[in-house]
Structures are given as C-alpha cells and as structure tokens.
Amino acid sequence: MAVNLVNVEAVSKVYGTRALLDGVSLGVSEGERIGVVGRNGDGKTTLIRMLAKLEEADTGRVTHSGGLRLGVLTQHDSLDPKATIRHEVIGVMADHEWAGSAKIRDVLTGLFGGLDLPGFEHGLDTVIGPLSGGERRRIALAKLLIDDQDLLVLDEPTNHLDVEGIAWLAKHLQERRSALVCVTHDRWFLDQVCTRMWDVQRGAVHEYEGGYSDYVFARAERERIAATEESKRQNLMRKELAWLRRGAPARTSKPRYRIEAANELIADVPPPRDTSELMKFANARLGKTVFDLEDVTVTAGPKTLLEHLTWQLGPGDRIGLVGVNGAGKTSLLRALADAAVSQGEIQPAAGGITVGKTVRLAYLSQDVTELPATLRVLEAVQQVRDRVDLGKGREMTAGQLCEQFGFTKEKQWTPVGDLSGGERRRLQLLRLLMDEPNVLFLDEPTNDLDIETLTQLEDLLDGWPGSMVVISHDRFFIERTTDKTLALLGDRALRMLPRGIDEYLERRRKMIEAAVPTPAAAPAQTKPGVSAADARAAKKELQKVERQLDKVSDKEAKLHARIADNATDFELVAKLDAELRELAGEREELEMRWLELAEDA
C-alpha cells in the first residue's frame, strides 16, 4: 500500500474579500504524479505553496510524513546572484565525480544542450547575476532535479523551455520514482507525465484520474450529468473533447468514464475545422499570393540565419514553426512583416519577398504593447473596432469578444494598468483580431494564458479564415491550430516535417547523438554534382510534393472520422481501413521523394 506523503485537511485561504480555497481536503501518496489546472487567479499557486508549507492556511492544516524529502520550484528562484552555475548546481563535487554521474549528465544535457553549457559564455563558471529570468529558471530546475526527493512540487516548470526541453523533462519525470505535484498550462506535458488531475475552481478542487485527456473527458461527462438545460451543455469543452476523441490517435489510454456518454455528448459536434470551406474563404479574401520568397537570406546583425530560402505561404495555410533557439524563427516572421508593412520596399539581405496586394497582417510579437494605464479594457478594444466579422456570417461585438477571452462585464471596466501580464497578453490578442486581419503571425501566443483561455483562443482560431504562422513551445496548441509543421534546425534551411513535432524531436536527437558541430557554423551547401538550376527545380518540385502530402493528410483525416462515426459497421470499417493503408503507402512514397528532393535542394 502506498504511503501518504502529504495530507491537506479542510484548508481555507482568503485574500481580501475573495475565498481562493474553501474547505479543501486532499492527499498525495508515494509515486503519484498530479497535474494542477484552473483559471489564472483561481488559487493553483496558493494551493501548492500551502502543500509545500511555504504559505500558511487561514483554517485547516497541512501535514507531511516524517522525514519527507521535498523539492520545490517556485516562480521566483532563490539563487545567489554572486555565485556561479557550478556552485549552485554541482556544489563542491569534483569534475570527475559529477561527470561520472549518469543523472547529472542527463540533467545538464537535457536542460542546457550539453555538459559544457553551450548557451552560456563561461559554461559552468558563468556568474548567475547578469543572466535572464529564463536562464535562472533552468538553473534552479537543474539544481532541483540533480537531488533525490520523495516529492517534487513544480510551479510552471515548462516556462522558458523549448519543445525539445519539454520533451526531455517529461521523459525525465516519468522515469523518476518521486511523487510529483505540478502546475502547468502545457497540456501535452500533462498528458505525458500525470496520473491524476486537480482542477481548482471557485474555491474547490475537483479530482480526476488520468492525464489531461482523461480529465477533459471526465469533466465534460460530469458537467453533462449535472446540466439541466441545453444552454449549459453548449458551454462544455465540446470542441476540444471532439478533437481528442476523433483526432490524434491514442490521446488517452485510461478512459475512466462511460464511453457511450462521451460519444453521445459529441455526436453533433463537427470537426474543429472545415478545412476546404476555410480555404475557399481564404482564397476569396487573399487571392492567389500571400508571401512568395525567392532565394532569400535572413540575417540578424552579422549572423546569417537562413540562406537560399525559396518558400511560399499560400492562402489558408496554417503553419506551425518550430526550431532550436537562435535558428531564426522570429527573424523570419519579422522579415515577412517588414516586407508587408513597407509593401515590399523593405527586403531581406538577399533575395526577394513578394507580398500579395490584399494582405492585411496582424503580428503578435513576444513583447506586450503598452497601452495607457488609465484606459479601460473595453475602451482599448473599441479603439480598434466596435464589431468584428469572423466569417461565414458570424459577427461579434467588442464586448462579446471580450467575454470569450475571459473579460467578464465587470472586468471590461478595469483599467489596463491593473491587469496582470496574462490579461494584458489576452488584450493584445483581442485588439489584433478586432482589426480583421487575413494573415496572422503569432509568436509564442500561449505565454501567460491559462488552459481555459487557451481552449477559447483555439476555438476562435478554428473558424478563422486566413493564413497563419504560429511559433510556440506549446506542442498541444501547435497540433490543435495548424495543419503543417515546418522546422529550423540551425542549418540555415527551412524544412517541412510530414510527421510533425515527433519528427522534429527525432531529427534533433540524431543530431545530438552524432555530436555534429553546430550546424549554423557551417555554410549551407547543395548536394555535390547538383547545379544551381537543378537545385531551383528541386525546390519547386518540393513544394508540389508538400501540397500532395497535405492532400493525403486531409484524406486520412476524413477516413479516420468516417471510421470513428461507423465503428459498428465492420464491413464498411474494413473497406475504409484498406483505403487508409493505400494512403499510408502513398504518403511513404511522397515522404521518400521529399527527402530526395530536400537533399538536392
């Protein structure tokens, strides 16, 4: 029988006139991995701080088992700014001691990309004081993971980690024997790591078995049973539930709910996006040309990030852009944005960018645009427009869109100066969408957003007709909102990944295992014996193959949906499955051809 490590008994916590937690009782046992979710401001951080005895409860009590070894990652580290990374993480261990530890090698490589800490000027001997908040946070996480604990309490551990770092951390935590309580908005991470979920809502904590996908199913079922009106049923997370059920296969392996009830709940829910319908509308709004790049070179100061890039962003394309830090993701978006804003007058270091005449670009950068502190939320949105056309006859007022983004009628009259960082991020997104763009560039749009707001944003983007490029470390968000994944691996080229982020992680793993020199340091070269003309022809055929792969993906998605809808018709399912296998063969041939062309290009 598992030993109880922490007991929370009838705990309450009040701030001002608001009860964040009201009579909450919980427990954490050996080996449990618990994910904590809920809206920003509902008490997630307060709950785990009380769990770790970093904060006192107003009433009730928290007890730890005798000799509990507890490790805590808070949102503000306690590192000594005068110390070096070596002093804080390794301590007094000699080089041969820590280098001989598989765990320490794994943590340093996973969080920093190598034992010599390539991102830091002086490696382990770098002084902590001048470092950024993100760098300090990774150091604090490394210090924590190198030790042994019975229980880890982590507040937003995936912040400031890239896709690769998040995948490593998930694997590392799966293999640890310690129990875990973790607050995070990264839903892919929750699915990979957690075996239970705590949902903090209006002073109470609801418990669910399984990871994030199981939580979505179970919560929807619980609310379905409790609902007495159709209007309540419409408020459930039905779109996301439908996507989890019908979309990515094997999202959940522990369905602890009545499958029939869940299927009934989503029976009338269409797929998240009608891709062909959106494509028609996008073509009508944008015409044939959005962005055409021909032999483009993108630089940042003296550094060349991308070279000989020929690529086309077409009407209705929904692109997820991933890559190693410093490879040029943001620089590429800025080059496109500069060309769009200047109507083609500002061009990159080499090559040319053609911008469609009808392009109306909205660019959400990582920097939050400051607004006058005295301006009210609703006024800030109405400054842009009073109403917004969402396509297909759908229209929303500024107030309605505010409510969809979590700004209640009362909150709409809050001065901008009183908003949190996450709320200002939401307001920035709102203002962009109110301007009715037909091209969206989103650079880390999920920063500071809670899960509920993320699902609302995803629902809104599902029906948004236009071209979109998303840079994000949130794997779930990229998979949910985009149709194609492109990657910058640091070799000055932009690559299509037919198998998405899984393929990106495989390629990065092979690069690290092969211990290749930093690719950005080597000039990009075409395959020996391939002329420049042949390389250009290969690039054009490459784009054609990519379009064919998109069509195969659409057909596969429709077949998966038909199989799910006709699960009891075994004869039809067998026929559809045969078609699916044919498509898989076609996909494999196209992917092989893509790889050959990529080498020539």
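This is a predicted model: local features need pLDDT of at least 70, side-chain atom pairs count only at pLDDT 80 or more; totals for chains, interfaces and linings use all residues.
Local features need pLDDT of at least 70, side-chain atom pairs count only at pLDDT 80 or more, and totals for chains, interfaces and linings use all residues. Residues are numbered from 1 along each chain as its sequence is written, and side-chain values use heavy atoms, leaving out hydrogens and water.

View 1. Helices (H or I, at least four residues) and strands (E, at least two) are DSSP runs, numbered from the N terminus. Of the 601 residues, 50% are buried (under 20% relative accessible area; exposed is over 50%, partly exposed in between; 1.4 Å probe, protein chains only).

**View 2. Helix α4 spans residues 102-112.** Its buried residues are Ile104, Val107, Leu108, Gly110, Leu111 and Phe112. An α-helix has 3.6 residues a turn, so residues three or four places apart point the same way. The buried residues of α4 pack against α2 (85-90), α3 (95-99), α5 (133-146) and α6 (163-175); contact means heavy atoms within 4.5 Å.

**View 3. Glu588 lies in helix α21, residues 570-600.** With a relative accessible area of 54%, Glu588 is exposed.
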